[in-house]
Amino acid sequence: MIGPDGLGPLIALTCVNCGGKVEVAKSSAAQTSIQWSTEAMRRCPAFTVRDGCPHLRRTVESAVLEGALVISE
Ligand SMILES: [Zn+2]
């Protein structure tokens with residue numbers, strides 16, 4: 001299923017650091033779109049609006065390596 005904005009399916013990921021639950025889709029190797037819930041933002045001590053959570057980036061990378069997160073190219 002590809003969304004109207006060309007993104008692949010959103011998958012739910014949990015930040016390894018803070019346990020915040022977010023939904024992530026990858027449209028290319030360099031492009032990750034992350035949907036933060038208010039609860040996850042509040043929960044994450046490292047969250048910034050500009051960069052999101054640095055730990056979550058690692059979570060996303062391992063999800064890609066494990067094949068859980070598929071790049072929709
Ligand atoms: Zn976090």
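Visitor: What makes β2 and β3 a pair?

Guide: Bridges do. Two strands pair if at least two bridges are found between them. In this predicted model, β2 and β3 have five bridges. One of the bridges sets A25 against S33 in β3.

Visitor: How do you know that β1 pairs with β2?

Guide: Strand β1, residues 11-14, is joined to β2 by four. These two strands run antiparallel. Opposite A12 stands E23 of β2.

Visitor: What lies between the strands of the hairpin of β1 and β2?

Guide: Six residues. In this hairpin G19 takes a positive phi, near 80 degrees.

Visitor: Why are β1 and β3 said to stand at the edges?

Guide: The sheet is open, with the order β1-β2-β3 and antiparallel pairing. β1 and β3 (32-36) each have a single partner strand, so one side of each lacks a neighbour in the sheet. Neighbouring strands are turned against each other by 35 degrees on average, direction ignored.

Visitor: Which elements does the protein have beyond the strands, and in what order do they run?

Guide: There are two helices along with the three strands. From the N terminus the order is β-β-β-α-α.

Visitor: What makes the largest nonpolar core a core?

Guide: Its members must be buried residues of listed types, Val, Leu and Cys among them, joined through C-beta atoms within 7 Å. The largest such set holds 13 residues. C15, V22, V24, C44, C53, L56 and V60 touch the most other members. Two elements give two or more residues each: β2 (21-26) and α2 (54-66). β2 supplies the largest share, three residues.

Visitor: Which residues does C44 touch?

Guide: Leaving out residues up to four places away in sequence, C44 touches C15, C18, G20 and C53. A contact requires C-beta atoms within 7 Å, so each of these four lies within that limit of C44.

Visitor: What share of the residues is buried, and what makes a residue count as buried?

Guide: A buried residue has 20 or more other C-beta atoms within 10 Å of its own. Of the 73 residues in the protein, 22% are buried.

Visitor: What share of the contacts joins residues at least 24 apart?

Guide: Take contacts between residues at least 6 apart in sequence. Of these, 48% join residues at least 24 apart.

Methods: Residues numbered from 1 in each chain as written. Predicted model: local features only at pLDDT ≥ 70, side-chain atom pairs only at ≥ 80, totals over all residues. Buried ≥ 20, exposed ≤ 12 C-beta atoms within 10 Å, placed from the backbone. Contact = placed C-beta atoms within 7 Å. Axes fitted to C-alpha atoms, helices over the stretch in contact; angles between N-to-C directions.
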